[in-house]
Amino acid sequence: MKLYQRPKSLKNVHTHFCPGCGHGIIHKLICEVVDELKIREKMIAIAPVGCGVFGYNYWDFDVSEAAHGRTPAVATGIKRVHPDKIVLSYQGDGDLAAIGTAEIIHAANRGENITVIFVNNAIYGMTGGQMAPTTLMGQKSTTTPFGREKNLGYPIKVCELLAQLEGTTYLERTSVNSPLNVMKTRKAIKKAFELQITNKGFSLIEVLSMCPTNWKKDAIESCNFVKEQMMKIFPLGVIKDTTKTK
Amino acid sequence: MTNKKVLKKGNHVIGAAAIEAGCEFYAGYPITPQNELTEYMAKHMVLNKRPFVQAESEVSAINMVFGASAAGARAMTSSSSPGISLKQEGISYIAGANLPCVIVNMVRGGPGLGNIAGAQSDYFQATRGGGHGDYRLIVLGPNSVQELYDYTMKSFDLADKYRIPVMILGDGYLGQMMESLTLHKYAKPKNLPKKTWALTGCKGRNPNVIKTLYLTPEDALEKHNLELNVKYEKIKKELQLFETINVQNAELVIVAYGTVSRVVKNVIESSDKKIGLFRPISLWPFPENALRNLKCKKFLVVEMSLGQMVEDVKLSLFGTDASVDLIARPGGMIPTEEEIHKKIKLMLK
């Protein structure tokens, strides 16, 4: 019996992701769910500016790039034209919670029937480790060499922020720092896609992820950092679920 | 709809033409003096069961258009100068991704907030690309409510034919003006290319990708830039739109586009000299060959900006012995017939 195989929607290529990075796991989980729900031929994904930009090199379905932070706006245009297709907005923390704050808040507030996978690793990865809006207080980065201080703002809790908006349907924070959390993330992603398929509206899964290269930690230390530091500020769980009332 | 003569406002007419030409997506953001267009689309797109979105910003509106166009739709947005500045990011991406769309700029005075009077001060921004990177837009400069109707329809065809953003560069006066026009049905050209590149879900085909990132210089981005340039050169050859009046043996030819070209028409009619008008309609590509072929020795550029189009006139006439004079009124002022007559007198002394 075959216990494990590469999802059909995931191309058989090496990724550009660093060892210990969470993006590869999250990419795979998306593809597993796409296969399971048999929606590959209906998928239109939007890859962000940042480490996720090469999504089209790995996902075997239609993909568009977007300008930095504008992914939810591009997703809105696509979904309004093709309401019967499954639209995925894949974004990192700099993209979604800094330069794209307006776009994510208003896409959420309009209740766009899309799925957002928000990868939160508390740092700008592709540009080389600058402070992100989700960087923890005291956390060092190339633009917070002495640690993040108060006058640089506080880590933004995106799920809690969006939970205030009537337009949002489902918001959950998960992590890929342990096998158990990977399984929970898979379940959350599946739920989000199912909600879109049944026209339930806007869902966002925030995934706490590792960036060993820019955190300057090894893979195990990085997984522990997510558990011991990040989860204190970004608690895991379902932040909002209106599907029972909607 | 059959060749009916009606009295309508410029901004409304653009909306009517877009709907008639099968515009499948519109996103916009309020800004004066183009609000009537967004309002028209808010009503009529919905009545026609097509998507309309009032975006949270012009930045978002143009990126929605990016998405809609990537999805294969005929997509449109509109704004006025400060809002068009915000759209430049998205326009650069749309141009880089070879996506078609229509953008309307009802130009107002600048820089900054400027005012809300009509102006032509965004000529450089429109014809030089406006955003970052080596790219061009097709830019059309209509001068009547009738032309707003006709060229809005044509814009969708040009955008689809060349996979390029097309800008209608109007001015606030043109958008606000009420004028009679003849409505007519839209006939889609038969030879428009199929949008096989569009994102529609990969059923029965390999996945499509819409992108602007080409990381390596030598075999990727330069190649992409050169391919874009092949398209721009093709457009330059195929699309040079203009109108001429009385240019045969004219002592002096006035070059003007948009609203002010109508003032110039009055000047020509009332002048006792032999004055011609050369009116560029495509502002990019600028109709340089036709202008150069006029063989006139004296040109007067009249524009509602501080000497922007005059640069294209001089470039077109480069190497000839023609002289080029300029009347430039910025800030929402329209050059008057009197000041143009006065200038003609001086030039033909």
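Reader: What is the mean pLDDT of chain B, and what share of its residues reach 70 or more?

Author: pLDDT is the predictor's confidence in each residue, from 0 to 100. For chain B the mean is 97, and 99% of the residues reach 70 or more. The model as a whole scores ipTM 0.97 and pTM 0.97. Because this is a predicted model, local features need pLDDT of at least 70 and side-chain atom pairs count only at pLDDT 80 or more, while totals for chains, interfaces and linings use all residues. Residues are numbered from 1 along each chain as its sequence is written, and chains are lettered from A and ligands numbered from 1 in the order in which they are written.

Reader: How many residues does the contact take from chain A, and how many from chain B?

Author: Two residues are in contact if their C-beta atoms, placed from the backbone, lie within 7 Å. By that criterion chain A contributes 28 residues and chain B 31 residues. Helices (H or I, at least four residues) and strands (E, at least two) are DSSP runs, numbered from the N terminus. On the side of chain A that touches chain B, the elements giving two or more residues are strand 1 (43-47), strand 2 (62-65), helix 3 (71-81) and helix 5 (101-109) of chain A. Helix 3 of chain A gives the most, with eight residues. For the classes, Ala, Val, Leu, Ile, Met, Phe, Trp, Tyr, Cys and Pro count as nonpolar, Asp, Glu, Lys and Arg as charged, and the others, Gly among them, as polar. The chain A side of the contact divides into 14 nonpolar, five polar and nine charged residues.

Reader: In which sense do strand 2 of chain A and strand 9 of chain B pair?

Author: Two strands pair if DSSP finds at least two bridges between them. Strand 2 of chain A and strand 9 (residues 209-210) of chain B pair in the parallel sense, over two bridges. A:Ser64 has B:Ile210 of strand 9 of chain B as its bridge partner.

Reader: How is the packing of two helices described?

Author: The description uses the angle between the two axes and the distance between the axes. Axes are lines fitted to C-alpha atoms, for helices over the stretch in contact, and angles run from 0 to 180 degrees between N-to-C directions. In chain A, helix 1 (residues 23-37) and helix 7 (residues 179-197) pack at about 50°, with their axes 9 Å apart. Angles under 35 degrees count as roughly parallel, over 145 as roughly antiparallel, 65 to 115 as roughly perpendicular and the rest as oblique. Helix 1 and helix 7 of chain A are therefore oblique to each other. Residues making this contact include A:Leu29 and A:Val33 of helix 1 of chain A and A:Ile189 and A:Phe193 of helix 7 of chain A. By class, the contact residues of these two helices of chain A are nine nonpolar, one polar and four charged.

Reader: At what angle do helix 1 and helix 6 of chain B pack?

Author: Helix 1 (residues 10-20) and helix 6 (residues 145-162) of chain B pack at about 30°, with 8 Å between their axes. Helix 1 and helix 6 of chain B are therefore roughly parallel to each other. Among the residues of the contact are B:Val13 and B:Ala17 of helix 1 of chain B, and B:Leu148 and B:Thr152 of helix 6 of chain B. This contact in chain B has nine nonpolar, two polar and one charged residues.

Reader: What is the strand order of the open sheet of seven strands in chain B?

Author: The order is 3-2-4-5-7-6-13, with mixed pairing. Strand 3 (52-54) and strand 13 (282-284) of chain B are at the edges with a single partner strand each, so one side of each has no neighbour in the sheet. The twist averages 20° from one strand to the next. Within this sheet, strand 5 (residues 101-107) and strand 7 (residues 165-171) of chain B run parallel and are joined by seven bridges. B:Ile103 has B:Met167 of strand 7 of chain B as its bridge partner.

Reader: Which strands form the edges of the open sheet of five strands in chain B?

Author: That sheet has the order 10-12-11-14-15, again with mixed pairing. Its edge strands are strand 10 (242-245) and strand 15 (323-328) of chain B, each pairing on one side only. Strand 10 pairs with strand 12 (residues 275-280) of chain B in the antiparallel sense over four bridges. B:Glu243 stands opposite B:Arg279 of strand 12 of chain B.
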